[in-house]
Each structure stands twice: as C-alpha cells, then as structure tokens.
Amino acid sequence: MIQVSKKTLALFCCFFLLCGLQRAFAQNDDNPGTLIDTVLIHSSDGIFSSTASFTFQLKSSFKYSEKGKASLLVTTEAGKKVRSDSVSVNIASGESKDVEFSVGGLKPGFYKVNFMVDLPHYNDTARKAFGIKPDQISSQYGKPADFESFWHDARLQLDKVAPEYKLTELPDSAKGGHRRVFRVEMKSLDGYLIRGFLTEPISANKNKKFAVLLGLPGYQVALGPMLGNDPDFAIFTLNYRGSGYSRDVINVRREDYIVLNLENKDKYILRGAVMDCVRAVDFIYSRKELKHDNILAAGGSLGGFLAIATSGIDKRINFCSAANPILCDVRNLVNEVDWPFIDMRKYVNTRPGLTMEKVMDNLDYFDTKNFGTDIECPTLVGMGLVDPIAPPNTVYTLYNGIRAPKHLIIFRDLGHEIGKKYSIYEGRWMRDTFALF
C-alpha cells in the first residue's frame, strides 16, 4: 500500500491546480476573440467618375490589443496589378477603426480590388470590384465584315424548313385553373425537333389577344411551363436543341455542349440554338391569339446571350431583356474567365489542326456585342459587378454598342445573378412599352 503524506498530497494538488490553470489560460489564448471587417464602397453601384474611394471598417472583440496592417490591392479584370497600398493598424480590445483608401488615375474600365487585414490572431481578404467611367469602354475588336450576311444566310436556311407546329394541351399542368398549358413541338434548322411550353391566361373575352414573354433558358437548363399571374401575358418557354426537353438528336454531356462543332461556324451548336429562337418567334406569329407587336425576349446567362442575339437578328422582337449575358467581347473575355474557354482548349487539343486562333475567328460570329449593335428595340441589361463568368467590362462593351433605347441595372455585390430590382424594372418598362395599363 502506498502512503502519501499530507505535504506531498498538497504539492500534488498545487501541481494539478497549476496545470489546470495553465490549460485554462492556454484555451483562452487559443480563442482570444475575433475581428469583424466590412468594406464600404462610396458609390451605390460601384461606379466612379474619377477617384474611387472606400472605407475598410474594423471592429475588434479581441481580449488584447492587436498590431498589424490593412492593405489594398487593385488589379485589372485579367489579374494584372495596377495599385497597392497599406497602413499600420493598432486596434485595442472592443475598439472600432475606419481605414480610408482611395484610388485615382485609372483608365476607364472595371477593376478587382482586395481588402486585406493581417493581425497576429486574424487575417482575412474581402473581394470587391468597381468601375471608372465605364460609358467610355469599347472593344478594339470589330465584328466580321460578313457578320450580317452570315446570319441572313442562316435565316434563309431556316425558312426552308417546314415548322410542322404541334400543340398538345396539358390540362393537368394548369394549376388553379387560371391558364391553359400546351406542349409545343416544331421543326427548326437542319430539321431538328425542338420543344417548348405555351401558357395562356383563361379569359372570358374570346377575342382577347395576349402579349408574349419568350423565355430563353440558361446553359443546359430545362424550362418547363411558366404559369405567371399576369392576365395580359402569354408565356412561351423554349428548350433549344440539345437542352432540356429538346435532346432527341443532340444529347451530350454538359461540358461538351458549348464546344460541339466549334471548328466550323456553319455547324457550331449556337448557330442552331439562335435559329431555334427565331423559329420560336415564327411560332408566336402563327398564333392568332398572340400579339405580334408585343413580344419580349428574356433570359439570363446563355439565355441572355440568346435574347440579345435573337433581338439583333429578328426585328420582330419588341423588347429585349438580358441578365448576365455571356460571351460578350470574346477576344478580351478569353483572358479573364475560365469557362467556357477551359473546355474549348481541351477540345482544341483533341482536334488535329484546330487552333485557338481558328476558334476565336469562329466565335467572332457568336460574340454578344456584335449582335447588340443591330438591336432596334428597347433593351434592358443586368449584371453583377463581381461576376466571374460575364465580367462587367465585357458586358459594358455590349451595352455601350446598343443604339436602341436602353437601361442597365448593376448589382454591386452580386456575381452571376441579379436581384429583385431587375424584374420589377423589367415589368414596369415592358408594360409601358406595350401600353398595358
């Protein structure tokens, strides 16, 4: 039996007590508090006419004072460094500090900006973007001399294909009994079968004609019937070839769609997709209950591209709405974004003799900005200032080239998306344009 003296026991207790206190202090040191950092951009939409100014707000909940620095790094959309700055920071427990930064002398364009804080127990980076005089942005690359004739020839080929429209009513899809729902099938360029869904308000007036929303989907998005609540509007949602409900002949993996027949502009997948949208307008014109002078083409992302392209080619579109349109100013875009060019480079590597230079020559015929200059109807464009797929400088190149009545809505803190403000503005402007009071 082991005997322990009172003195020895007391020493052990002191030892364990000290160890416990040390662990407690160590635990407190592991969690000394934190810091809240917030960036204030002194422009509601992130656009400045000259010098850009920001406030980097720091609020400490640390138990002790922290010494370090706050920094700013400004780059072009392509990642080239153009400005940097830093200041020393000494922030006490519970203290708030504002660090002011300003950036001047930049050329018209859009820039990425990182706000960084580096303290002994905390570091973080906040990423934002801003623009300087974007109304002066233009591309050094023009459209091909035969751009209009290329698309005119595509339209002539489409006209040779009998549409063979087929409507099938889907009574089970008409929830609430306020609309009739139809599945639409028709033939498009190259004889491909494409589908869509038409929904029409049920009206006591048998002679009433409806304005039309032509809804164009984003990349590989399936669009079903859209019911809506507006009694003045029919909605036609299209599934272009190889997408959604129109995958009979073209049924490829998601990453393969954007590169399908990329080596030949006459067979490239987007040529057919654009013509599918034109065929959708043909369908609208074939319906007596639809207003042929009240057609809104609307979409986001690739749907935004299609809305712009269709409105540039087909003057029967009366209002265009494009949110976050992709493929704007493609020759400058190629150095700024990963997609779709990462898939295009992989495709080039599998095709002997094909080069990215040849790909870019073909993509000139599918550059969104090149369609924009031919638009004649009112056009609404929306974009996110930190969009990694449709960067603001490329979207602005499109927007600046539109000569028709236009409006741009910028979402300063959003990426490849838009906010509710856009749809509200779209509805009001569209109803005013179509005199739907």
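1. Leaving aside its neighbours within four places in sequence, with which residues is Arg254 in contact? The model examined here is a predicted one. In this model, Arg254 is in contact with Tyr219 and Gln220, once neighbours within four places in sequence are left aside. Arg254 itself belongs to helix 3. Although 35 residues separate Arg254 from Tyr219 in sequence, their C-alpha atoms are 8.5 Å apart in space.

2. Gln220, one of the two contacts of Arg254, deserves a remark of its own. It is placed in the loop between strand 12 (210-216) and strand 13. Most residues other than glycine have a negative phi. Gln220 counts as buried because its relative accessibility is 16%, and the cut-off for buried is under 20%.

3. Leu327 may be read alongside the previous point. Its phi is near 65°, again a positive value in a residue other than glycine. Leu327 is located in the loop between strand 15 and helix 6. With a relative accessibility of 2%, Leu327 therefore counts as buried.

4. The peptide bond between Trp339 and Pro340 is cis, with omega at about 10°. Most peptide bonds are trans. Pro340 sits in the loop between helix 6 and helix 7.

5. Which residues of helix 7 are buried? Within this helix, which spans residues 341-349, they are Phe341, Asp343, Met344, Tyr347 and Val348. These residues lie on the same side of helix 7 because they cover an arc of only 155° around the axis. Lys346 and Asn349, on the other side of helix 7, are exposed. The buried residues of the helix pack against helix 3 (254-257), helix 6 (330-333) and helix 8 (356-363).

6. The domain assignment divides the chain into domain 1 (35-136) and domain 2 (147-433). Their C-alpha centres lie 38 Å apart. Between them, 15 residues of domain 1 are in contact with 13 residues of domain 2.

7. The largest pocket holds about 480 Å³ of space. Its lining is made up of 20 residues, and the closest to the centre are Pro108, Gly109, Phe110, Glu336 and Asn393. Strand 7 (109-119) and helix 10 (392-401) are the elements that give two or more residues to this lining. Domain 1 and domain 2 each contribute at least three residues to the lining. By class, the lining of the largest pocket comprises five nonpolar, 11 polar and four charged residues.

8. The second largest pocket holds about 360 Å³ of space. Of the 21 residues that line it, Leu213, Met226, Leu296, Glu426 and Met430 lie nearest its centre. At least two lining residues come from each of strand 13 (233-239), strand 14 (290-300), strand 15 (319-323) and helix 11 (420-433). Which of the elements supplies the largest share of this lining? It is helix 11, with five residues. By class, the lining of the second largest pocket has 11 nonpolar, seven polar and three charged residues.

Terms used. Residues numbered from 1 in each chain as written. Predicted model: local features only at pLDDT ≥ 70, side-chain atom pairs only at ≥ 80, totals over all residues. Heavy atoms only, no water. Buried < 20%, exposed > 50% of the residue type's maximum accessible area, 1.4 Å probe, protein only. Helix = DSSP H or I, 4+ residues; strand = E, 2+ residues; numbered from the N terminus. Arc of directions from axis to C-beta. Contact = heavy atoms within 4.5 Å. 1 Å grid on protein atoms, 1.4 Å probe; cavity = no way out; pocket = protein on both sides within 12 Å on 5 of 7 lines; lining within 4 Å. Points joined across faces, edges and corners; volume = space filled by probe spheres on them. Nonpolar A, V, L, I, M, F, W, Y, C, P; charged D, E, K, R; others polar. Domains from an automatic or database assignment.
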